[in-house]
Amino acid sequence: MNTAVATVGTSASGKANMVSQYLIFSLANELFAVGTLRVREIIEYGNITSVPMMPGYIRGVINLRGAVVPVIDLNARFGRAHTEISRRTCVVILEVQADNDTHVLGIVVDAVSAVRQIDSADVEPAPSFGTRIRADFIDGMAKVKGNFVILLDLGKVLSVEEIAMLGEVSHGPAHLES
């Protein structure tokens, strides 16, 4: 999945604009997107081991080819109810930068819908009201095939302190059953 493409073009106003690929997924009947450069893979939901004393939005950890990967319930992270698990529920494995470190973690989503190119000229700034998640979690909004898609700022959704805490979890024992 790390085959993201970014191209530079020129808009009608003569300003340079970027076209980037985003993974679009649904969560609680809303569409969200993350840049495909951050996406490692998409896996079926299952085999999550809960970890005591973690915040409610951390579902647990999975064993991904010998590596312990924390899994975050994105819906719960947004302050909403835990994601209802269905046959389309999946875990998107992401790489997130914090300082000079790269952390691998998973997010639980209702369903993955598509990979789409979005032109930076089509991205609007985050609204200061009207969304059901914190405005600082939003990198922008874009209209894709007639629907608004919320572009997430993963650095804010998963703050440096939380990533550091997740790093401690992922360096724990790697003898989980898969």
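How many of the seven residues of strand E6 are buried? Six of them are, which leaves E6 mostly covered; buried here stands for under 20% relative accessible area, exposed for over 50% and partly exposed for what lies in between, with a 1.4 Å probe and protein chains only. Before going on, note that this is a predicted model, where local features need pLDDT of at least 70, side-chain atom pairs count only at pLDDT 80 or more, and totals for chains, interfaces and linings use all residues. Residues are numbered from 1 along each chain as its sequence is written, and side-chain values use heavy atoms, with hydrogens and water left out.

Let's start with the sheet around E6. Five strands make up an open sheet with mixed pairing, in the order E4-E7-E8-E6-E5. Strands (E, at least two residues) and helices (H or I, at least four) are DSSP runs numbered from the N terminus, and two strands pair if DSSP finds at least two bridges between them. Strand E4 (39–44) and strand E5 (58–64) sit at the edges with a single partner strand each, so one side of each has no neighbour in the sheet. On average, neighbouring strands of this sheet are turned by 35° against each other, direction ignored; the axes behind that angle are lines fitted to C-alpha atoms, for helices over the stretch in contact, and angles run from 0 to 180 degrees between N-to-C directions.

Strands of a sheet pair through backbone hydrogen bonds, either parallel or antiparallel. E6 (residues 67–73) pairs with E5 in the antiparallel sense over six bridges. Along this pairing, Ile58 faces Ile72, and Ile62 has Val69 as its bridge partner. The hairpin of E5 and E6 has two residues between the strands, and Arg65 takes a positive phi near 50° there. With E8, E6 runs parallel, joined by three bridges, and Val71 is opposite Gly106.

Now for the packing. A nonpolar core is a set of buried Ala, Val, Leu, Ile, Met, Phe, Trp, Tyr and Cys residues joined through side-chain atoms within 4.5 Å. The largest one has 28 residues, and Phe78, Ile107 and Leu152 touch the most other members. E7 gives the most to this core, four residues. Leu152 is in contact (heavy atoms within 4.5 Å) with residues including Phe25, Phe32, Leu74, Phe78 and Val157, leaving aside neighbours within four places in sequence. A second, separate core has eight residues, among them Tyr22, Ala33, Ala142 and Val149.

Ser50, in the loop between E4 and E5, counts as exposed because its relative accessibility is 58%. Its C-alpha atom is 4.1 Å from that of Gly60, ten residues apart along the chain, and beyond four places in sequence Ser50 is in contact with Arg59 and Gly60. Thr83, in the loop between H1 and E7, counts as buried because its relative accessibility is 4%. The side chains of Thr83 and Asp73 are joined by a polar contact of 2.7 Å, meaning a pair of N or O atoms within 3.5 Å; within protein, one must be able to donate a hydrogen and the other to accept it, and residues adjacent in sequence count only if both atoms are side-chain atoms.
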